[in-house]
Amino acid sequence: MTKAYAAAAPDARLTPFEIERRDVRPQDVQIEILYCGVCHSDLHMARDEWGGTIYPVVPGHEIVGRVTAVGNKVTKFRAGDSAGVGCLVDSCRECKNCRKGLEQYCKAGSVLTYNGRDRISGDITYGGYSRQVVVHEDFVLRISDKQPLAEVAPLLCAGITTYSPLRHWNIGKGHKLGVIGLGGLGHMALKLGASFGAEVTMLSTSPAKEADARRLGAHKFALTRDPAQMKKLTGYFDYIIDTVSAEHDYNLYIRLLDTNGVMICVGAPPTPAQVAVFGLLGGRRSLAGSGIGGIPETQEMLDYCAERGITSDIELIDIASINEAYTRMLKSDVRYRFVIDMASLA
Ligand SMILES: [Zn+2]
Ligand SMILES: [Zn+2]
């Protein structure tokens, strides 16, 4: 049995729980989990805020650890290697999206790291709030040992979720990029956006975040509660990345886009948004979405970050503090990602 932490119901605290990991199949990699980041999706799923949560749920999809065993057909990993697992652990491999390395958009439905269903056994998948995990090698990422592993863990979701749209829209030099929300995703969007050469503006409700935003890569800072500052930015941005996963007014930001500007949503509020379409028509603006990233692009992102020395700013916690961490995350009281030290799950 493998030690884990699980929520048993939408209103339940996470508590110790034992799970059974599958035996290693020929192409499987068994990983001892050293660190797991705490993503806002974990909280949404633990509390069934998106619907469809199967209990008990073991969250966690920012997993970094050490390979402890491999199946006899595994070619990419050996025992002792550092390895990572993100939001996906399998997909059909055959649809047009999988063939393009866009496994996150698998037409048959990709298998999520937790609350998914194993394609062979039909068992529910359990995430990284646990001591070990077994994953097909095609969905295991290589992790550089040059960087602190705890700080690399959040790249597996927060990193790729912001990297993928930046790459897809080729955002970089000559572009004005706005970032909404300075949390786990937002702080990675600042770091990555600035590293690609864009002029980055932090759009925040909190003046207390200006110093940090600038340290993380923002060239400019705008207080969204100040109508005068917002008016000055009307029609200003080529791209906006919206990382907020709580309810908020999209129209306020759409009008900040220049002609042909694109606002890309990467945070997912539980309730549908009201969008005034006139804001899109005037200026041929687009409201777009982007979900995590495929496996090849996730590896590309990890390699890019290792080369540039980019990691996440984290607060390392013991697993016993996970419920308190959720409470603090809801208050945006984290700089900027909680990461669980899995050695604390004894
Ligand atoms: Zn996530
Ligand atoms: Zn597919």
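Q: How are the donor residues of the zinc ion (ligand 2) spaced in sequence?
A: In this predicted model, the donor residues of the zinc ion (ligand 2) follow the spacing C-x2-C-x2-C-x7-C.

Q: Which residues are they, and at what distances do they coordinate the ion?
A: The zinc ion (ligand 2) is coordinated by the SG atoms of Cys92, Cys95, Cys98 and Cys106, at 2.3 to 2.4 Å.

Q: Why is the arrangement called tetrahedral?
A: The four donor atoms subtend angles of 103 to 120° around the zinc ion (ligand 2), and therefore the arrangement is tetrahedral. The cut-off requires all angles to lie between 85 and 135 degrees.

Q: Is Cys98 buried or exposed? And what about Cys106?
A: Cys98 is buried, because its relative accessible area is 8%. Cys106 is buried as well, with a relative accessible area of 8%. The cut-off for buried is under 20%.

Q: Changing topic, how many residues does the largest nonpolar core have?
A: The largest nonpolar core has 90 residues. Those with the most contacts inside it are Tyr129, Leu177, Leu190, Leu192, Ile322 and Tyr326.

Q: What does Leu177 touch?
A: Leaving aside residues up to four places away in sequence, the contacts of Leu177 include Leu166, Ile171, Val200, Phe237 and Ile241.

Q: Which residues belong to the second, separate core?
A: That second core has 16 residues, including Leu233, Ile240, Tyr253 and Leu280.

Q: What about cavities: how many are of 30 Å³ or more?
A: The count comes to one cavity of 30 Å³ or more. The largest cavity has a volume of about 80 Å³.

Q: What lines the largest cavity?
A: Among its lining residues are Gly86, Leu88, Ile160 and Thr298. By class, the lining of the largest cavity has seven nonpolar, three polar and no charged residues.

Definitions and conventions. Residues numbered from 1 in each chain as written. Chains lettered and ligands numbered in written order. Predicted model: local features only at pLDDT ≥ 70, side-chain atom pairs only at ≥ 80, totals over all residues. Heavy atoms only, no water. Donors = N, O, S within 2.8 Å, 3.2 Å for Na, K, Ca; no water. Tetrahedral: all angles 85-135°; square planar, octahedral: opposite > 155°, others 65-115°. Buried < 20%, exposed > 50% of the residue type's maximum accessible area, 1.4 Å probe, protein only. Core = buried A, V, L, I, M, F, W, Y, C linked by side-chain atoms within 4.5 Å. Contact = heavy atoms within 4.5 Å. 1 Å grid on protein atoms, 1.4 Å probe; cavity = no way out; pocket = protein on both sides within 12 Å on 5 of 7 lines; lining within 4 Å. Points joined across faces, edges and corners; volume = space filled by probe spheres on them. Nonpolar A, V, L, I, M, F, W, Y, C, P; charged D, E, K, R; others polar.
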